[in-house]
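I opened a new file today and kept notes as I went. The entries are in the order in which I looked things up.

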Amino acid sequence: MNKKTQSKKILPVTSILVAFIIVGVLAVFINSCQKKHVVSNLTTFKSSNIVGYKNKPVVVDATFVPTMNLINSYAVNNNVMVYVTSSYRHSNNNLKKTVVKPASMSNHLIGHAIDMNIVYKGKWYDSKLMSKNNFSRLPFNVRNFLNEIRHTPNIRWGGDFKTQDPVHIDDHYNKNRSNWTVKFNALNNS
Ligand SMILES: [Zn+2]
């Protein structure tokens, strides 16, 4: 009788403890999975008309892929090849520990921007040739490719920036600073 009561009392305490441990382990496991998942949002982009310069991989955030696919369709339409010289850039500075200045909130640091040169009929169009004062002299296909980007809501061509950057294309993700910061921290806090 006495033994039975004792085991009845011990059993619930033990099972509660075991349950707590299991829940704790699961929570840690799920948390680490989520962090890994955020990091793995960076993806190597492959398409017919956008390729890495010197075979460098084109690395972007998964949520930037639809924009990249759209840019690729414009490249196909205009029979141009896009050589990406820079895509995702890993931050060398631990920006999260300081107040991030808007100027340093580059969309490259979160995989939402590319720098590129265009090749049309074997000729390279670099920053100088794509600059605004040379724009009207560009072949129709190159101009049209850039114009299709410019006329798409939420895609920006760096040639339209105050300080022009004709090789740059992004989706203006950094227009919302807190969204940018969340994405940046997710990529750098793992
Ligand atoms: Zn850029």
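My entries start with the whole chain and then go to single places in it.

**Entry 1: confidence.** I noted before anything else that this is a predicted model. The pLDDT averages 86 over the protein, and 78% of the residues score at least 70. I then looked at residues 36-40, where the pLDDT is below 50. That stretch has four contacts in the model beyond its near neighbours in sequence.

**Entry 2: elements.** I listed the secondary structure and got four helices and eight strands. Read from the N terminus, the order is α-β-β-β-α-β-β-β-α-β-β-α. The protein has 190 residues, and 23% of them are buried. I also looked up the contacts with a separation of 6 or more: 63% of these join residues 24 or more positions apart.

**Entry 3: the core.** Which residues have the most contacts inside the largest nonpolar core? I found Ile50, Ala75, Val82, Val84, Met116, Ile118 and Phe145, in a core of 26 residues. At least two residues of this core come from each of α2 (65-77), β4, β5 and α3 (140-150).

Leaving out neighbours within four places in sequence, Ala75 is in contact with Asn49, Ile50, Val80, Met81, Val82 and Phe145.

**Entry 4: two helices.** How do α2 and α3 cross? Their axes come within 9 Å, and the crossing angle is roughly 150°. Angles over 145 degrees count as roughly antiparallel, so α2 is roughly antiparallel to α3. I wrote down that the crossing is right-handed. On the α2 side the contact is made by Ile71, Tyr74 and Ala75, and on the α3 side by Phe145, Glu148 and Ile149. Ala75 and Phe145 were already in my notes, as both are among the core residues with the most contacts.

**Entry 5: two asparagines.** Asn55 has a phi of about 60°, and Asn154 has one near 70°. Asn55 is in the loop between β2 (50-52) and β3 (59-61), while Asn154 is in the loop between α3 and β7 (156-157). Are they buried or exposed? Asn55 counts as exposed because it has 6 C-beta neighbours inside 10 Å. Asn154 has 11 such neighbours inside 10 Å and so also counts as exposed; the cut-off for exposed is 12 or fewer.

**Entry 6: His108.** I found His108 in the loop between β4 (81-86) and β5 (113-120). It has 18 other C-beta atoms within 10 Å and is therefore partly exposed. Apart from residues up to four places away in sequence, His108 touches Ser86, Tyr88, Arg89 and Ala113. I then checked His168, which is 60 residues from His108 in sequence; their C-alpha atoms are 9.7 Å apart in space.

**Entry 7: Asp165.** Where does Asp165 lie? Its place is in the loop between β7 and β8 (168-170). With 19 other C-beta atoms within 10 Å, Asp165 is partly exposed, because buried would take 20 or more. Ser127 is 38 residues from Asp165 along the chain, and I noted 7.3 Å between their C-alpha atoms.

Note on methods: Residues numbered from 1 in each chain as written. Predicted model: local features only at pLDDT ≥ 70, side-chain atom pairs only at ≥ 80, totals over all residues. Contact = placed C-beta atoms within 7 Å. pLDDT = per-residue confidence, 0-100. Core = buried A, V, L, I, M, F, W, Y, C linked by C-beta atoms within 7 Å. Axes fitted to C-alpha atoms, helices over the stretch in contact; angles between N-to-C directions. Parallel < 35°, antiparallel > 145°, perpendicular 65-115°, else oblique. Left-handed = near helix turned anticlockwise from the far one by under 90°.
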